[in-house]
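The following exercises are to be worked through with the sequence and the coordinates at hand. Each task is followed by a solution in steps.

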Amino acid sequence: MEYFIQQLINGLTLGMIYGLIAIGYTMVYGIIGMINFAHGEIFMIGAFVSIITFLLLGVFGIGWVPLAVLIVMITTMLLTSVYGWALERVAYRPLRHSPRLAALITAIGMSIFFQNYVQLLQGARVKPLQPVISGGFRFREEADFVITLSYLQVLIIVLTLVLMVVFTLVINKTALGRAQRACQQDLGMAALIGINVDRTISITFIMGAAMAAVAGLMFLMNYGVIDFYIGFLAGIKAFTAAVLGGIGSLPGAMLGGLLIGLIEGFWSAYFTVEYKDVAAFSILVLVLIFRPTGLLGKPDIEKV
Amino acid sequence: MSESTRDAMRARPLDVPALLKEAGMVALVVFGLAFGLVGFKTEDVPGGLEIVTRFGQVVLAAVVAFAGRAGFVLLRERHYLPVMVGAGLFAAIMLVLLVGAIVDPGGKLEGFLPFDSVVVNWLMALMALILGARAAWSMAHAAADEGVEDRDAAMDHVGAAVQRAAKYLAPVLLGLAVVLPFLPLADRRLLDIAILVVTYIMLGWGLNIVVGLAGLLDLGYVAFYAVGAYSYALLALHFDLGFWICLPFAGIMAAFAGILLGFPVLRLRGDYLAIVTLGFGEMIRVILLNWYKFTKGPDGISGIPRPTFFGLEFTRRPAEGAQSFHEFFGLTYSPLDRIIFLYYLILALALVTNLFTLRIRRLPVGRAWEALREDEVACRSIGMNPRNTKLTAFSIGAMFGGFGGSFFATRQGFISPESFTFIESAIILAIVVLGGMGSQIGVVFAAILLIGLPEFFRELQQYRMLAFGAAMVMIMVWRPRGLLAHREPTIRLHPRGSPNEERRS
């Protein structure tokens, strides 16, 4: 039982990270109907910007952890969202009215480009970071198996929840969110009623990239090592999460992320750790076969 | 010269603040992009990481972006002269410095080069040269800048012309391919590159059945490539079978894998199918990596037998009782013989794939694939079974992937899961899409462009994949439907040249 709860906590933490990345996928897919394949790379860039900022703060001697984490978070959100914006502007906007396959190919191209760009600039070796936040709550000390809920996990879970609340408010209450929802329903119609579609899409990419940047920061703090290749697998799993939850649905993305995280956590704990990725993909296939619109997605009616 | 063209070449009045604003914005974005990842480098030092700064490069990048964008705006507003002079001057200075650095390494001139990386310096010089040349060309031809549509239409003409010329072009290319090993410039390196290119052409043609004809987006083609390679390797090692017996088995196994994977997922649409096939590709790789007893995991399988020429081996000293190729034909032994044989082998396999595709397009099943690609709902309404039709395309495409895989195994003599990563699938798909979906000759050009060219720049190893990704993006943005996208109807109501043909259009 204790073991189970521990795995639940670990899986939830992981799921929060996947969920944050999945939001970027699901928003872009909802509005322009394409898989932003390079989104995983944006996450990776976020992690790299985070590690650089942490090291710089170390140089300047800012040691108070909450302040350091806050500064790193803001910096990485700002700098990474420039990448998100540039990605859309360079690779996707010229192709908005082209066959969907063209945008998928540029997305893969950008993904390859970003990976090699970071590898070239920062080196191919894994980059370790000293644990920033250590310690945690310990439960049931008297039992054989002590459940630990580290402060870092608390931070990840709370931060994700806060971001989700802010995000939901932006989407549901502000003019920007209204414009985004209008674009999601019909791009042409949204343009007719005076919504600046280009700007809305740009902001969507910026928001998605900022979320991915925070996910990158969490990944860095959680695992302590990053390399230029982490974006690929995390990106695919986050996309799986977005599909699982129902693509285009924001709560769905979060739910899907949590489920993927939990499946991965439990699978590694109770079965074989080698096949955890296979488990995640198998779930994706099963969901798509039996419920192609995902858990919270709306059915997509094909018109002639 | 008519009034309108005269008008078109006249420079528009320059809006300097707008120009500065636009160029400034670009410079700002480039600064933002470069600041984090270029400005600071994480260096490994004992006990952790250290930060090294490169701010000079960041500022330079922003300045270059500013100048480049300003040049573009001037070009757009038809102020050709300043662009030509400015870009030309910059390019000239850069070239002098670069040549100086080559002639006298570590000398004075090298110190003046702006960027740390030689490649970036060359790139800057080249881009300035292109910008200047373009300004000069526009000035000389007094041509207004053509828009995207003009360019697309022009490329469509090229595409159509190439398709029509394919009748004559194909035999010429084929002839060239056949005599290639005997040309005086054919050395080991060139032949190796040629084998690689033809392998990708074959895989591209195989995937073209799935993507180009049936319109199924497959991002996990490498899975079948892997199945083919491992089937051959395992069959050959465990049952001591030769290449020629294993080849069809490898194809069948891959086709079977295609049916197995395709059956549950082929009713999904476009992007979903893409992501599921991607997942399958990764799953097969993970399984190959972890099923140690069967596949030897990350160690890979080595000692895969080489192919034989009707039982004749390509070795200097054949095994007991066997005869080798050079002994049988009374030739002196040359290690190149085996390479040439491999080259012809993959060429033959590729041609079989091509011939198969060309012929099957005329069969009912081929027609059904193309109909399905155009409109699935319409196909269903006339009583076609979309799933089975798609399944045939998927498994036949997989079969050719399997053939390609067993060729890969026999060429390398060693396979490991490392060779079957997602990037392979992406490259093959890129070849198909960049060439122009469904265009057989487009695949050839795209493969030469994407595989052949970078191979010659092996020295720039680090920059190779970077350039590959950038090229994928640029070609697609420049020409979204592929280089030679021109879809000739497979069947015409009024055949070409018949009196009714004109009326149709």
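**Exercise 1. The fold of chain A**

What percentage of the contacts in chain A with a separation of 6 or more comes from residues 24 or more positions apart?

Solution. The model is a predicted one.

Step 1. Contacts between residues 24 or more positions apart make up 75% of those in chain A with a separation of 6 or more.

Step 2. The secondary structure of chain A consists of eleven helices and four strands. Its radius of gyration is 19 Å, close to the 19 Å given by the globule rule for 304 residues, so chain A is as compact as a globular protein of that length.

Step 3. The C-alpha trace of chain A spans about 65 × 50 × 40 Å along its principal axes. Of its 304 residues, 50% count as buried.

**Exercise 2. Helix H2 of chain A**

Determine what span helix H2 of chain A has, and why it counts as largely enclosed.

Solution. 

Step 1. H2(A) covers residues 39-60, which is 22 residues. From first C-alpha to last it reaches 31 Å, close to the 32 Å expected at 1.5 Å a residue.

Step 2. A residue is buried when 20 or more other C-beta atoms lie within 10 Å of its own. In H2(A), 16 of the 22 residues are buried, so the helix is largely enclosed by the rest of the structure.

Step 3. Just after H2(A), A:Gly61 adopts a positive phi of about 80°.

**Exercise 3. The largest nonpolar core**

Locate the largest nonpolar core and identify the residues with the most contacts inside it.

Solution. 

Step 1. This core has 229 residues, and B:Ala430 and B:Ile431 have the most contacts inside it.

Step 2. Helix H8 of chain A (residues 197-223) contributes the largest share of the core, 15 residues.

Step 3. In chain B, domain 1 (3-145) and domain 2 (165-478) both give residues to this core, so it lies between them.

Step 4. Apart from neighbours within four places in sequence, B:Ala430 is in contact with A:Ile105 and A:Ile108, and also with B:Leu450 and B:Met472.

**Exercise 4. The side of chain B that touches chain A**

How many residues of each chain are in contact with the other chain? Describe the contribution of chain B.

Solution. 

Step 1. The contact involves 47 residues of chain B and 53 residues of chain A.

Step 2. Elements of chain B that each supply at least two residues include strands S1 (40-45) and S2 (48-53) and helix H18 (422-435). H11(B) gives the most, with 13 residues.

Step 3. By type, the residues on this side of chain B are 33 nonpolar, nine polar and five charged.

Definitions and conventions: Residues are numbered from 1 along each chain as its sequence is written. Chains are lettered from A and ligands numbered from 1 in the order in which they are written. This is a predicted model: local features need pLDDT of at least 70, side-chain atom pairs count only at pLDDT 80 or more; totals for chains, interfaces and linings use all residues. The expected span of a helix is 1.5 Å times one less than its number of residues. A residue is buried if 20 or more other C-beta atoms lie within 10 Å of its own, exposed if 12 or fewer, and partly exposed in between; C-beta atoms are placed from the backbone. The radius of gyration is taken over C-alpha atoms; the globule rule is 2.2 Å times the number of residues to the power 0.38. Two residues are in contact if their C-beta atoms, placed from the backbone, lie within 7 Å. A nonpolar core is a set of buried Ala, Val, Leu, Ile, Met, Phe, Trp, Tyr and Cys residues joined through C-beta atoms within 7 Å. Domain bounds come from an automatic or database domain assignment. Ala, Val, Leu, Ile, Met, Phe, Trp, Tyr, Cys and Pro count as nonpolar, Asp, Glu, Lys and Arg as charged, and the others, Gly among them, as polar.
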